[in-house]
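Dear colleague,

I am handing over a structure for you to look through, and I would be glad if you kept it open while reading the notes below.

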Amino acid sequence: MEKQPIEVGRRIAVWGVTGSGKTTLSQRIAAILGVGVVELDAIRHARGWDSTDWPEFREVLTERLASMPAGWVVEGSYSAIMDVYLSRIDTMVWIHLPFRTTFWRLLKRTVPRGIRQTRLYTPTGPHESIRQTFFSKQSILWWSISSHRGSGEKRRERIAALPSHVRVYELRSPREVEKFLRAVQRRAQTAAAPETV
């Protein structure tokens, strides 16, 4: 992934491990460009943890993308359905932060959610708990620890297999994320500025 001028399209995928800031970045990009956001976790866990099976997930995702002809940002991955959006994207943004950064962010957000048992994604969505966070095989913290290294290798392989027209940006620090967003903002402002004669 070579350094290149920042120029995003209007069909964007944002990847990153849990705690990397995918949701925040996706929402900020979408706000700048005036496009919609599809949060894959919200589809998968709409009625509780893993409540949407893969055929339904595929159908819902296909419909969501079709309903946003002006453009979209897909946030998340899920290998079982990623072909639905990877076949359509023109831009891939990979937030590839150090483990210490993502784990600390995850811990800071998960513990308060567990205490409050806050519903996630939708009013009928799942909630985290202290028991699940620290004493369960389904712990998101344990998932973060066990999957961090391997996920980077898999993502790099999948990115390498993308068509050549897809622009790829790998952001390796919070500073690079902010720099990327400023560049997207400048490009959008330039594109929106009226031409002078």
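What follows is a short account of the salt bridges and of the residues that form them.

Please bear in mind throughout that this is a predicted model. A search of the whole structure finds eight salt bridges, and I describe some of them here.

One of them joins the side chains of Asp90 and Arg11, with a distance of 3.8 Å from N to O. Because Asp90 sits in the loop between α4 (82–86) and β4 (91–95) while Arg11 belongs to strand β1 (residues 11–16), this pair ties together parts that are 79 residues apart in sequence.

Another salt bridge is formed by the side chains of Arg47 and Glu56, at 3.1 Å from N to O. Glu56 has a relative accessibility of 28%, so this residue counts as partly exposed.

The side chains of Arg172 and Glu170 also meet in a salt bridge, here with 2.5 Å from N to O. Is Glu170 buried or partly exposed? At 16% relative accessibility Glu170 counts as buried, because the cut-off for that word is under 20%, while Arg172, with 44%, counts as partly exposed. This pair is also part of a network of salt bridges, in which Arg156, Glu170 and Arg172 are linked.

Methods. Residues numbered from 1 in each chain as written. Predicted model: local features only at pLDDT ≥ 70, side-chain atom pairs only at ≥ 80, totals over all residues. Heavy atoms only, no water. Salt bridge = Lys/Arg side-chain N within 4 Å of Asp/Glu carboxyl O. Helix = DSSP H or I, 4+ residues; strand = E, 2+ residues; numbered from the N terminus. Buried < 20%, exposed > 50% of the residue type's maximum accessible area, 1.4 Å probe, protein only.
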